[in-house]
Every structure is written in structure tokens, then in C-alpha cells.
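Please consider the protein structure shown below. The paragraphs that follow lead through its sheet, its helices and selected side-chain pairs.

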Amino acid sequence: MSETAAAIQPTLLPVGTGENERQIAVVQRAAGKGAKNVSFVWLSGYRSDMSGTKAVELDALAARLGLGCIRFDYSGHGQSGGKFTDGTISRWLEEALAVIDHTKPNKIVLVGSSMGGWIALRLIQELRKRKKAAAVAGLVLIAPAPDFTIDLIEPNLSEVERRSLEERGYFEEPSEYSPEPNIFTRALIEDGRTHRVLTGIVETGCPVHILQGMQDADVPFAHSLKLVEHLPADDVVLTLVRDGDHRLSRPQDLERMLTVAQTLALHNTP
């Protein structure tokens, strides 16, 4: 019987130095050999973690197929250390790269949800700069939110929120998914501008499949259409789910995600 996702205890990976050091919780399921020497890498969304439904289902798929799966929590999330309000795209990208360096997968399929889609695209850009890096065999993006601080937050700020950013360094808004409000910091928004990807051609060098709900209140499906325009060099499939919301965690949504992930992992070209 395969080891369940819940049974695998996370290891703590130190990232950063000095006062910036934080302990990142990582769970790795070993990859198989030969054609099965592929690992999924789960990249969570803003305020989400590796114990969410989609992440756990992806791990269970890896167990069934004899593939690897790497999950981790960004600092300030889940079982990792650090303060959530210290989080920026730079910081969370640094952690994603550190996890890849630590786990040393041979071939990966990145699966990024919401903000995790932005991290995934930046991660690929950074890996492509290296002479020796894990080969990215595929990219699954679920309601991807690249550049969300620039495109989805900044243009819609109210005067009260702008004043809060200036005076307090953050603003809050109610969350549909938690009794605690979402907190967006000035540091996150300013840092986001340095990581924009929707400014030119994004070359991933791998097949890309985007899953996007058309009833998504957080990331409009037009944002995924915009992303497709910036991926002209790649083999891109966009699946619009007419009645799908932002989370895409219903049984039928999970089945779509797992089918796409399995296809990219087992039928990719070297």
C-alpha cells in the first residue's frame, strides 16, 4: 500500500541568512526510475499551503503512478516559519528555488495554483538561466495569477486602501476562504513590479495546460487569455470551465487537474 500524503513528515529546510533565515517545510515523495523519473512540484497560491485538497490529490496521484512529488509551504504559510507579512514574490521564489536545489529532482512537472502560477513562471525563467538544472517537462496552471499585484490589485485600490498602504504599509480585505482577512503589504506590491512576466514573450520550453474557471471572482478568465498571448512559443492548451470558481476543487475539477498532470508527466518528450 502506498504511503499516504499525510504519513510523510516534512523536513525543515533553512533558507536565507541572518535575520532573513526561515525554516521551510518540505515534503518529498521519491520519484521512480526510468520513464517514471519525474516529479510533480506543487506551488500553492496566496495564503494556501501544501495540505490543501489539490496538493494532497496531486501527491496521491504521484503515489499511484510511482512518480515523485515535491510539496512545500512558503514562509508564513502552513508548517513553515517566518512571518506572512514579510512575504514577497522575491522571497517565495527564493524558497521555491531552494527547495528544487535541495530535493534535486531530475525532471519536473510544475503545478501552480493562482499565485503559484506566477511563481512557476518565474521559477522556469530562473532555471533556464542555469547551465545545469532540473528539466521542466510540463506546466499545469490552475487559475493562474501572474502579475496579480500589478494587474488585479493596484488598479482596483480604493482611496482608503491606498491611504492604508501609505500610512500603515498594508491593507486588509475580507477573505471568502478564511475568517481572517487577506493582508496585502506595500512590500509585496512594490516587489511584484520587479517580477512582472506579462510584459513580453514568456518562453517555458515545455507544454503548458491552463485550467481556468469562468465564474472566478478573484482572477477573471480574461487574465488567462492574456497569459496565453504571452506564450506564443509554447504548446499551450487553455481549458475554460464554464461553471468553475477560483478554487477549482470540486471532484470534476480535481479530475481535470489530475488527468492533465498525468498526461504531461507520462507523455512528455525528453
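Which residue in strand 2 is the bridge partner of L13? The model examined here is a predicted one, and in it L13 has I24 of strand 2 as its bridge partner. Strands of a sheet pair through backbone hydrogen bonds, either parallel or antiparallel. Strand 1 and strand 2 (residues 22-29) pair in the antiparallel sense, over five bridges.

Eight strands form an open sheet with mixed pairing, and their order is 1-2-4-3-5-6-9-10. Strand 1 (11-15) and strand 10 (236-241) are the edge strands, each pairing on one side only. On average, and with direction ignored, neighbouring strands of this sheet are turned by 20° against each other.

Helices accompany the sheet. Helix 1 (residues 53-65) packs on the sheet and touches strand 2, strand 3 (39-43), strand 4 (68-72), strand 5 (107-113) and strand 6 (135-142). The direction of helix 1 makes about 160° with that of strand 4. Helix 8 (residues 251-266) lies across several strands, including strand 9 (208-213) and strand 10, and runs at about 165° to strand 6.

S224 is placed in helix 7 (residues 221-229). Is S224 buried or exposed? S224 counts as buried because its relative accessibility is 0%, and buried means under 20%. Apart from neighbours within four places in sequence, S224 is in contact with P144, I210, Q212 and L238.

Attention now turns to charged side chains. The whole structure contains twelve salt bridges. In one of them the side chains of E94 and R22 meet, at 2.8 Å from N to O. This pair links distant parts of the chain, since E94 is in helix 2 (residues 89-103) and R22 is in strand 2, 72 residues apart. E94 counts as partly exposed because its relative accessibility is 36%, whereas R22 is buried, with a relative accessible area of 3%.

R22 also forms a salt bridge with E95, and the closest N and O atoms are 2.7 Å apart. E95 lies in helix 2 and R22 in strand 2, so this pair ties together parts that are 73 residues apart in sequence. Both E95 and R22 are buried.

A further salt bridge joins the side chains of R29 and D59, at 2.6 Å from N to O. Here R29 in strand 2 is linked with D59 in helix 1, 30 residues apart. R29 counts as buried at 9% relative accessibility, and D59 counts as buried at 0%.

Y46 and W92 form an edge-to-face pair, with 6.0 Å from centre to centre and 70° between the planes. Y46 lies in the loop between strand 3 and helix 1, and W92 lies in helix 2, 46 residues apart. Both Y46 and W92 are buried.

W118 and F148 also form an edge-to-face pair, at 5.6 Å centre to centre with 85° between the planes. W118 lies in helix 3 (residues 115-128) and F148 in helix 4 (residues 148-153), so the pair ties together parts that are 30 residues apart in sequence. Both W118 and F148 are buried. Finally, one aromatic cluster is formed by Y46, F72, Y74, F84, W92, W118, F148, F171 and F184.

Terms used:
Residues numbered from 1 in each chain as written. Predicted model: local features only at pLDDT ≥ 70, side-chain atom pairs only at ≥ 80, totals over all residues. Heavy atoms only, no water. Helix = DSSP H or I, 4+ residues; strand = E, 2+ residues; numbered from the N terminus. Buried < 20%, exposed > 50% of the residue type's maximum accessible area, 1.4 Å probe, protein only. Contact = heavy atoms within 4.5 Å. Pairing = 2+ DSSP bridges. Axes fitted to C-alpha atoms, helices over the stretch in contact; angles between N-to-C directions. Salt bridge = Lys/Arg side-chain N within 4 Å of Asp/Glu carboxyl O. Phe/Tyr/Trp six-rings, centres within 6.5 Å; stacked < 30°, edge-to-face > 60°.
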